[in-house]
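Here is a short report on a structure, written for a reader who works with coordinates.

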Protein chains: 2
Amino acid sequence: MIDIHAHFFPRITREEAAAADPRAPWLADTGDGRGQIMLGEAPFRPVQQSLWDGRTRLAWMDEKGVAIQLVCATPVMFGYAWAPARAAAWAARMNDLALDYCAADPARLKALAQVPLQDIDAACRELERAKSIGHLGVQIGNHVGEKSLDDPGILDFLRHCADLAMPVLVHPWDMMGDARMKKWMLPWLVAMPAETQLGMLSLVLSGAFERLPKTLAIVFAHGGGSFAWLIGRVDNAWAHRDIVRADCPRLPSSYCERMMVDSAVFDPGALRHLVGTMGAERVLFGTDAPFPLGEQSPGSLVAATYAEDAGQRERILSGNARRVFGLG
Amino acid sequence: MIDIHAHFFPRITREEAAAADPRAPWLADTGDGRGQIMLGEAPFRPVQQSLWDGRTRLAWMDEKGVAIQLVCATPVMFGYAWAPARAAAWAARMNDLALDYCAADPARLKALAQVPLQDIDAACRELERAKSIGHLGVQIGNHVGEKSLDDPGILDFLRHCADLAMPVLVHPWDMMGDARMKKWMLPWLVAMPAETQLGMLSLVLSGAFERLPKTLAIVFAHGGGSFAWLIGRVDNAWAHRDIVRADCPRLPSSYCERMMVDSAVFDPGALRHLVGTMGAERVLFGTDAPFPLGEQSPGSLVAATYAEDAGQRERILSGNARRVFGLG
C-alpha cells in the first residue's frame, strides 16, 4: 500500500517558534511518546511520537502493511497569514525538517513540501528548491484568507506545479463556521469537507480548468470532502440558473476528470459512490495518519469495499499513487 | 406523488413589509408571471408566479404529475433575528397567507407553518394555532443565530411538536461562509448542505435523541445535506476521539433511525447511498419547487434510480409522506 495522505510535525521548540512568528506552532514533548502541538501558551492538539519521529512512523507502517507513505505538514504549520518573508523562511525550514523525518528510510518515507502561498513568487521559488532536494510534490491549503483556489496568483502557482511535474495535494484548513462549531470537533466533521468542496468548486465554476494545463496533477484530501456527494446538486444548479454557469462553460461534473481525491471516506457505500463519480483511476489511498480522525486500520475500507475486485484494490491502494507520484 | 418540500412566498406589499420590520421581505410583481423577492430596496431573488399563486402551482402539479404538495415559507421569511413580538405577528400572518395559497385546492395543497423560534413560548403558541387552522406540520430553520438545534429551548419546541403530532421539516438558512462564497450560488451549493449536516450532528452529538421522544417526526431538507455522505467520517471520529463522543453515548449512525430526509439529491448514486444510510422508509419525495435549484422533472430521479423496484418508488414518492403527515 502507498499512502499519499499522512502528516508530520517536527520537534519545533518554543524558542524557534517564537523567533519565526508569534503565531508559529511548536511541539511540547510531554513524555512517554506523547506531546502537544502548542500555539503560544495554548494547547492546540494532543499528538503522538509518530508525528515527529520517522522511525516510530516506520514501525507503525510495518505493523499496518503500508509500504510507502507520503508525509506533509500538519496544516497549522502553513503560516499563510504571516509576513511573506517570515513564511518563506519558515516553509524552507519545515521542508528541510520533512526530509530529516523521511531520512529514517528515504525509500519508504517521501515528503510533500509546503510553500508560502501568500507570495506567489516566493511559493514558486520554494517549490523549485523543494523539488531539487527531493520533495515529491507539494501540499497547499484550500484557501489563503479570502482567496480561493481560483485566485489568479494561485492559478499561476498551479501552472508552475504542472510545469515542474509536481503533484499538488489540497488540504482543507482555516475552516468556515461560527460559535455553533465549538464542540465535538464539528469544524473537522462539517467545515473541513465543505472547505474542500469549496476549493474544488472554485476551480470548476470559475472555468479555471479551461485555462490550467491538463498535466496538472491535483489531489484533494478526505475524498474531496462533500464534492462528489453534491456534484449532482451542482450540475442541476448549473443547468437551471444562469449565475451558476456564468463562468463555467461545461457541465460541472465533466471536470471530475481533471481532479483526484484520496480514499479517506470511512464508509463502503461512500467509497463506491466516490469511485463511481471520480473514476477509479482518480482515487488514491490516503489514511490521514497519525490522527484519530484518520483510518486506524489502513486499507481495510478499500479491501472490504472491493473484496471481489483485485484490480480496483490495486489501483486505489498503490497503482494510482505510483503513476501520479512517479514511484517505481 | 406527494411532494413534501416546496415553497411559497405571498404577495407581501412593500408597505406591509416595512410596517412589520425593516428587514421583512416583500414581493415586487414585475409582470408576465415574474417577480422579485425584495429586501428593502435590494432585489433578493427572481421568482415566478407559482411561488405566490396557488392556481399556477396547481397547473404545474397537473403538468408534472404531483398529486399533493406541502408548501412552506421561503426561508427569507423566517424573521428569527427580529424582536419576538414582531416575529410572532409576522409568523401568524404568513401562516394565514399560506392557507390562502392552499385554498386554490385544499385537498392537494397543504401547508407547513412557520414559528418565531427566537421565543419558544411564542413558537409553541403559534404551532398550536397553526395546527388548529389546518397546518399539517411546521418548518424551522436549522439554527437561530448561534443557537443550534440542540439549544434547550429549541429542544422544548421539538418536544411540543412531538406532543402535538406535528412533523418538523428542517431547512438550512442563514448560511456560514465568507467573501469566498460571493459567486455562483456557492452558499446554496456548499454552505446549505453543511448547515443541514450541522443541524443533524447537533442533535446527534449532543445526545439530544436520548431525551427527545421517539414520536418526534423530523425531516431534513435536501437529503439531509452532507450528513449521509459524512456519517462514516463521524462514526470514525466518535470511535477514536474522546471529545467527539463526550455527550453522545451511541455510535452516531445509530441515530439515523430517528431522522428523515427528503429525496432532493439529483444523482442516482447519491440517492441509493442516501436510502442505504437512512433507510427507505425515511426518505420522502421532495422537489424544492419552484426554485431553479429544485428538481425540474419531479420524480424522475426516484423513477430512474428504482426503475426495477416498484416498492421503493411507492415508499419514497408517496407512502412515507402519507404515513408521516397522516395523509389519507
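What area is buried between chain A and chain B, and what percentage do carbon and sulfur atoms give?

## Basis of the values

This is a predicted model: local features need pLDDT of at least 70, side-chain atom pairs count only at pLDDT 80 or more, and totals for chains, interfaces and linings use all residues. Residues are numbered from 1 along each chain as its sequence is written, chains are lettered from A and ligands numbered from 1 in the order in which they are written, and side-chain values use heavy atoms, with hydrogens and water left out.

## The interface

The area buried between chain A and chain B is about 5,100 Å². Carbon and sulfur atoms give 66% of that area. Buried area here is the accessible area (1.4 Å probe) that two parts lose on being put together, summed over both. Chain A brings 55 residues to the contact, and chain B brings 57 residues. Contact means heavy atoms within 4.5 Å.

Two salt bridges cross the interface of chain A and chain B. A salt bridge needs a side-chain nitrogen of Lys or Arg within 4 Å of a carboxyl oxygen of Asp or Glu. B:Arg180 pairs with A:Glu195 in a salt bridge, at 2.7 Å from N to O.

## Chain A's side of the contact

Which helices of chain A each supply at least two residues of the side that touches chain B? They are α6 (186–205), α7 (227–240), α8 (242–245) and α9 (268–278). The largest share, 13 residues, comes from α6(A). Helices (H or I, at least four residues) and strands (E, at least two) are DSSP runs, numbered from the N terminus.

By class, this side of chain A has 29 nonpolar, 17 polar and nine charged residues. Ala, Val, Leu, Ile, Met, Phe, Trp, Tyr, Cys and Pro count as nonpolar, Asp, Glu, Lys and Arg as charged, and the others, Gly among them, as polar.

## Nonpolar cores

The largest nonpolar core has 217 residues. Those touching the most other members are A:Ile140, A:Phe157, A:Leu158, B:Ile140, B:Phe157 and B:Leu158. A nonpolar core is a set of buried Ala, Val, Leu, Ile, Met, Phe, Trp, Tyr and Cys residues joined through side-chain atoms within 4.5 Å. Buried means under 20% relative accessible area, exposed over 50%, partly exposed in between (1.4 Å probe, protein chains only).

Leaving out residues up to four places away in sequence, B:Phe157 touches residues including B:Val115, B:Leu117, B:Ile120 and B:Ile140. Another core, of 16 residues, lies apart from the largest one. Among its members are A:Ile2, A:Ile4, A:Met260 and A:Leu284.

## Salt bridges within chain A

Over all chains, the structure holds 32 salt bridges. One of them joins A:Asp21 to A:Arg86 at 3.0 Å, N to O. A:Asp21 sits in the loop between α1 (14–20) and β2 (25–31), and A:Arg86 in helix α3 (residues 84–102), 65 residues apart. A:Asp21 is buried, at 1% relative accessible area, whereas A:Arg86 is partly exposed, at 41%.

A:Asp96 and A:Arg129 form a salt bridge, with their closest N and O atoms 3.1 Å apart. A:Asp96 lies in helix α3 and A:Arg129 in helix α4 (residues 120–133), so the pair ties together parts 33 residues apart in sequence. A:Asp96 is partly exposed at 32%, and A:Arg129 is partly exposed at 27%.

## Two buried positions

Is A:His5 buried or exposed? A:His5 is buried, with 0% relative accessibility. The residue is in strand β1 (residues 2–8) of chain A. Its side chain makes a polar contact of 3.2 Å with that of A:His171. Beyond four places in sequence, the contacts of A:His5 include A:Leu70, A:His222, A:Asp262 and A:Asp288.

A:Gly199 lies in helix α6 of chain A. A:Gly199 is buried, at 1% relative accessible area. Leaving aside neighbours within four places in sequence, A:Gly199 is in contact with A:Leu149 and A:Phe220.

Notes
Polar contact = N/O pair within 3.5 Å; in protein donor to acceptor, adjacent residues only side chain to side chain.
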